[in-house]
Structure formats: structure tokens, C-alpha cells
Amino acid sequence: MSDHHETAQQAQSRIDAAPDLAALEALRVEYLGKQGSVSALLKTLGKMSPEERHEKAPAIQALRQSVADALAARKDELEAAELEARLATERLDLTLPAPDAQRGSVHPVSQVMDELAEIFADLGFAVATGPEIEDDWYNFTALNMPESHPARAMHDTFYFPDTAPKGGKMLLRTHTSPVQVRTMLDVVKNNPGGAPIRIIAPGRVYRSDSDATHTPMFHQIEGLVIDRGIHLGHLKWTLETFLKAFFETDDIVLRLRPSYFPFTEPSVEVDVGFAIENGKRILGGSGDEPGHAWMELLGSGMVNRRVIEMSGLDPDEWQGFAWGLGVDRLAMLKYGMDDLRAFFDGDTRWLSHYGFSPFDQPTLSAGVGARS
Ligand code: DAH
């Protein structure tokens with residue numbers, strides 16, 4: 001008995017002195033492990049006679065218990081100390097300045113859409129939208145492009161297997177012009193006699209095309225004015241006023257060139273004069289001046305009376321003009337970018353270079369984007 005008492009005391013002081021958890025574990029193995037000295041003592045019990053076992057077992061059990069208790073107590077102490085030490089070294093210093101967060105930027109297309117919406121809002125235009133998955137009828141037929149019309153060939157797009165409610169297939173719209181038809185039909189529905197219309201329709205359009213100046217998805221902004229007594233003069237003034245505001249210069253010279261679109265009659269292509277300075281196109285002056293040239297900017301014309309009629313208005317009473325403009329190309333021109341594909345690569349280096357800070361120049365981005 002006194003032997004075990006001594007062993008217990010010795011174990012206790014060694015355990016209390018264990019400097020860390022690894023040393024403590026070594027002691028546990030030494031006493032209570034499979035080959036441990038206390039385990040060996042316990043094993044001797046099996047070979048004893050019942051009387052002898054009755055006599056010696058309590059002391060051996062007590063020894064095992066005291067060693068186990070000592071180990072547990074020291075383990076608690078060491079763990080608490082370790083936690084203290086960790087808390088002391090890992091304390092957060094809340095006074096450190098936070099690392100600069102990477103800020104997002106407004107994409108040049110969103111920026112230009114906003115600038116256009118603001119300019120046209122000043123001229124009294126509202127923003128209208130239509131679906132990107134469009135009915136063949138709105139995209140083509142109602143715009144005077146019946147099935148097998150040759151102009152459809154320039155608008156090769158992506159078709160869906162579903163038959164459209166108004167005939168043909170559903171498709172990804174090839175231009176924003178179907179919004180003209182939808183807007184006129186809406187006006188007629190709410191006001192059967194018709195009413196003046198002044199809208200722009202910005203949005204995504206699709207064609208099966210891909211090279212440095214064409215992407216399968218791009219952006220257009222459509223314009224439509226319907227009223228009594230509208231003529232080409234109104235069209236020219238509106239586009240000139242808008243381009244001067246957009247390019248922030250009064251030196252804008254336009255040339256209206258006869259053209260053909262099924263949905264306008266007459267149709268005009270609008271060119272703008274520019275010069276090349278240091279390899280960049282600088283708008284201004286007539287394209288006929290020396291060192292200057294004309295650049296095609298947009299398609300436009302007086303709305304074809306057949307389109308007005310198909311949209312439910314009387315073409316003898318209501319006339320109008322319309323135009324369709326590539327937003328991406330306009331952005332490239334204003335901000336000096338040369339590869340259209342970069343617009344849609346999502347490269348954050350390009351975006352942080354060409355993007356706009358939403359804080360420097362508050363725009364309508366959220367509003368227009370959310371509605372289109
Ligand atoms: N929708 C035509 C296109 O995408 C562009 C266009 C031309 C729109 C003349 C018009 C217009 O509204 O009057 O090629």
C-alpha cells in the first residue's frame with residue numbers, strides 16, 4: 001500500500017510539472033497506456049486469488065484513479081493557458097486602417113445609355129421597352145418585312161422552336177424597332193383615336209455575327225416620334241440637337257443620304273463629318289472639307305405608312321420619324337475604344353480603365369437598366 005502511495009505522489013508531481021500537452025500525453029502513456037506501469041499493476045489482479053485480489057484491488061484502483069484525476073486536472077490547466085496565450089497574440093487591432101476595397105464601375109454601355117436617356121428626357125422623350133425574346137410578327141412582319149422579304153437576310157438571328165402567338169417562330173430580336181410597333185399598339189389600346197408619341201427604346205439586340213466590329217449581342221437605341229404634320233426637318237433637328245449634346249460640341253455637321261429600310265419611307269442614312277488627328281477620329285466639320293470624311297452613324301427615316309397602319313393608327317392623320325442607333329459604336333467613338341468585343345469580355349482591367357465611377361457623375365444607370 002505504501003508503495004502505491006509513493007508512486008501516486010511521484011506521478012502527481014511529475015504530472016503537475018508537465019510543461020505542455022505533449023509532455024502530459026507522454027506521461028499518460030507511461031502510466032495508463034497499454035504498456036503503462038499502472039496498467040501493468042491492474043493486469044496482475046487477474047492472476048490473483050480472490051482473497052488476495054480483494055485485499056489489493058482497492059489500492060491499485062485508487063492509484064489508477066489518482067493518476068487519471070491528476071492528468072485531467074493538468075490537461076485543463078494547460079489548455080486554459082494555451083487559450084490565454086492564443087487570445088493574447090491573436091487580438092484584433094481595430095484601429096488598423098482597412099485595406100482599400102476594390103470598387104465596381106459603370107460599364108461604358110450603361111453610361112452611354114444613361115447619357116442618351118438624359119439628353120432625350122430633356123427633349124421630352126419617355127423610355128419604352130420591349131421583350132428580347134420577340135415574336136416574328138413584331139420583329140419583322142409589322143415592320144413591313146413579310147416572310148421571304150429580302151431585308152430579313154441581313155437580320156440573321158437565333159430562333160426558338162416555339163411557334164409565336166402571331167405566327168412564325170419566337171426569336172431573339174434583331175433590332176429595337178419592334179418597340180415602335182408595341183408602343184403604337186399600346187397607345188391605340190389606351191386611346192383609340194391615337195395620340196402623339198415621343199419615345200426612345202434602349203436595349204440589347206442579337207444577330208449571328210462575330211468579328212472586331214460585330215458581336216452576337218449588341219445594344220441599340222430606337223427613337224420614335226408620332227404626331228400630326230411631322231416631316232424630315234423635325235428628324236434632322238432632333239438628331240443634330242442630340243448629337244451636339246452627346247458629343248459636347250456645336251461643330252457637328254450631318255449629311256442625310258438616301259437609303260432603304262422597309263419600315264421607313266423615305267429612308268435616310270445619317271452621316272457625320274470628322275477629321276483624323278493623331279490617328280483618332282475627331283468629329284466636326286463637313287465631311288467634304290479637305291482632310292475630312294463622312295462616317296455613317298445611324299439609320300432613320302419617316303415611318304412607313306404601312307407600319308403606322310399595321311399598328312392601328314390612321315396614316316393620313318398621324319406621321320412620324322424613327323431612327324435606330326448602335327449604342328456600342330457610339331460609346332467607342334466618344335471614348336476612343338477600338339475593339340467592340342472587349343465590351344463583353346468582362347475583363348476587370350478593361351472595366352477599371354474604361355468604366356465610370358458612379359460617384360463622379362451620378363447617372364440613371366440603375367433606373368434604365370432595371371427597366372430594360
Ligand atoms: N432597325 C434598323 C437596324 O437595326 C435600324 C433602323 C433604321 C431603325 C431606320 C429605324 C429606322 O427606326 O428608321 O438595322
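Student: How many residues does helix 5 have, and what span should they give?

Tutor: The expected span of a helix is 1.5 Å times one less than its number of residues. Helix 5 has 15 residues, which should span 21 Å, and its end C-alpha atoms are 21 Å apart, in agreement. Helices here are DSSP runs of H or I with at least four residues, strands are E runs with at least two, and both are numbered from the N terminus. Please note that this is a predicted model, in which local features need pLDDT of at least 70 and side-chain atom pairs count only at pLDDT 80 or more, while totals for chains, interfaces and linings use all residues. Residues are numbered from 1 along each chain as its sequence is written, and side-chain values use heavy atoms, with hydrogens and water left out.

Student: At what angle do helix 5 and helix 10 pack?

Tutor: Axes are lines fitted to C-alpha atoms, for helices over the stretch in contact, and angles run from 0 to 180 degrees between N-to-C directions. Angles under 35 degrees count as roughly parallel, over 145 as roughly antiparallel, 65 to 115 as roughly perpendicular and the rest as oblique. Helix 5 (residues 108–122) and helix 10 (residues 327–335) pack at about 95°, with their axes 9 Å apart. That makes helix 5 roughly perpendicular to helix 10. By class, their contact has 9 nonpolar, 1 polar and 3 charged residues. Here Ala, Val, Leu, Ile, Met, Phe, Trp, Tyr, Cys and Pro count as nonpolar, Asp, Glu, Lys and Arg as charged, and the others, Gly among them, as polar.

Student: Which residues of helix 2 are buried, and where do they lie around its axis?

Tutor: An α-helix has 3.6 residues a turn, so residues three or four places apart point the same way. In helix 2 the buried residues are Leu24, Leu27 and Tyr31. They cover an arc of only 60° around the axis, which puts them on the same side of helix 2. The arc is that of the directions from the helix axis to the C-beta atoms.

Student: How do helix 2 and helix 4 run relative to each other?

Tutor: Their axes come within 10 Å and cross at roughly 170°. The two helices are therefore roughly antiparallel. Contact means heavy atoms within 4.5 Å. Leu24 and Tyr31 of helix 2 are among the residues that make this contact, as are Leu71 and Leu78 of helix 4. The contact divides into 8 nonpolar, no polar and 6 charged residues.

Student: Which backbone angles and peptide bonds deserve attention?

Tutor: Most residues other than glycine have a negative phi, and most peptide bonds are trans. Asn144, which is not a glycine, has a positive phi of about 65°, and Ser148, also not a glycine, has a positive phi of about 70°. Asn144 is buried at 11% relative accessible area, whereas Ser148 counts as exposed at 73%. A cis peptide bond joins Glu265 and Pro266, with omega about -5°; Pro266 is in strand 8.

Conventions. Buried < 20%, exposed > 50% of the residue type's maximum accessible area, 1.4 Å probe, protein only.
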